[in-house]
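Below is a briefing on one structure, for reading alongside the coordinates. It is grouped by topic.

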Amino acid sequence: MGAIEIELDPLPCRWCQKLIKQPKWWRPKRHCGRSHRVKTRLVNALVRVLEHL
Ligand SMILES: [Zn+2]
């Protein structure tokens with residue numbers, strides 16, 4: 001039995017297009033750092049609020 005190895009291509013950050021290595025295939029990273037992750041969360045929250053207006 002061989003170990004399952006899944007190689008993922010680096011994904012670009014949603015905000016700055018910086019390529020991010022994907023160490024965890026089960027949880028792909030889409031943001032280069034914490035600040036950009038927070039930015040996405042804020043935008044998503046804002047979109048949700050606007051949809052309910
Ligand atoms: Zn970024």
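With which side chain does the side chain of His31 make a polar contact? The partner is the side chain of Thr40, at 2.9 Å; a polar contact is a pair of N or O atoms within 3.5 Å, where within protein one must be able to donate a hydrogen and the other to accept it, and residues adjacent in sequence count only if both atoms are side-chain atoms. The model is predicted, with local features needing pLDDT of at least 70 and side-chain atom pairs counting only at pLDDT 80 or more, while totals for chains, interfaces and linings use all residues. Residues are numbered from 1 along each chain as its sequence is written, and side-chain values use heavy atoms, with hydrogens and water left out.

**His31**
- His31 sits in the loop between strand S2 (19-20) and helix H1 (34-51); helices (H or I, at least four residues) and strands (E, at least two) are DSSP runs, numbered from the N terminus.
- His31 is buried because its relative accessible area is 13%; buried means under 20%, exposed over 50% and partly exposed in between (1.4 Å probe, protein chains only).
- Not counting residues up to four places away in sequence, His31 touches Cys13, Arg14, Trp15, Ile20, His36, Arg37 and Thr40, where contact means heavy atoms within 4.5 Å.

**Zinc site**
- Cys13 (SG), Cys16 (SG), Cys32 (SG) and His36 (ND1) coordinate the zinc ion at 1.9 to 2.4 Å; donors are N, O and S atoms within 2.8 Å of the metal (3.2 Å for Na, K and Ca), and sites may look incomplete since water is not among the atoms.
- Along the chain, the donors of the zinc ion have the spacing C-x2-C-x15-C-x3-H.
- The arrangement is tetrahedral because the four donor atoms subtend angles of 98 to 127°; for four donors, the term requires all angles between 85 and 135 degrees.
- The ideal angle for four tetrahedral donors is 109.5 degrees.
- His36 is buried at 18% relative accessible area, whereas Cys32 is partly exposed at 31%.

**Aromatic rings**
- The whole structure holds one aromatic pair.
- The ring centres of Trp25 and Trp26 are 5.9 Å apart with planes at 90°, so the pair is edge-to-face; rings of Phe, Tyr and Trp (its six-membered ring) pair if their centres lie within 6.5 Å, with planes over 60 degrees apart for edge-to-face.
- Trp25 is partly exposed at 49% relative accessible area, and Trp26 is exposed at 56%.
- Lys39 lies over the face of Trp15, 4.3 Å from the ring centre; this needs NZ of Lys or CZ of Arg within 6 Å of the centre and within 35 degrees of the ring normal.

Technical notes
Tetrahedral: all angles 85-135°; square planar, octahedral: opposite > 155°, others 65-115°. Phe/Tyr/Trp six-rings, centres within 6.5 Å; stacked < 30°, edge-to-face > 60°.
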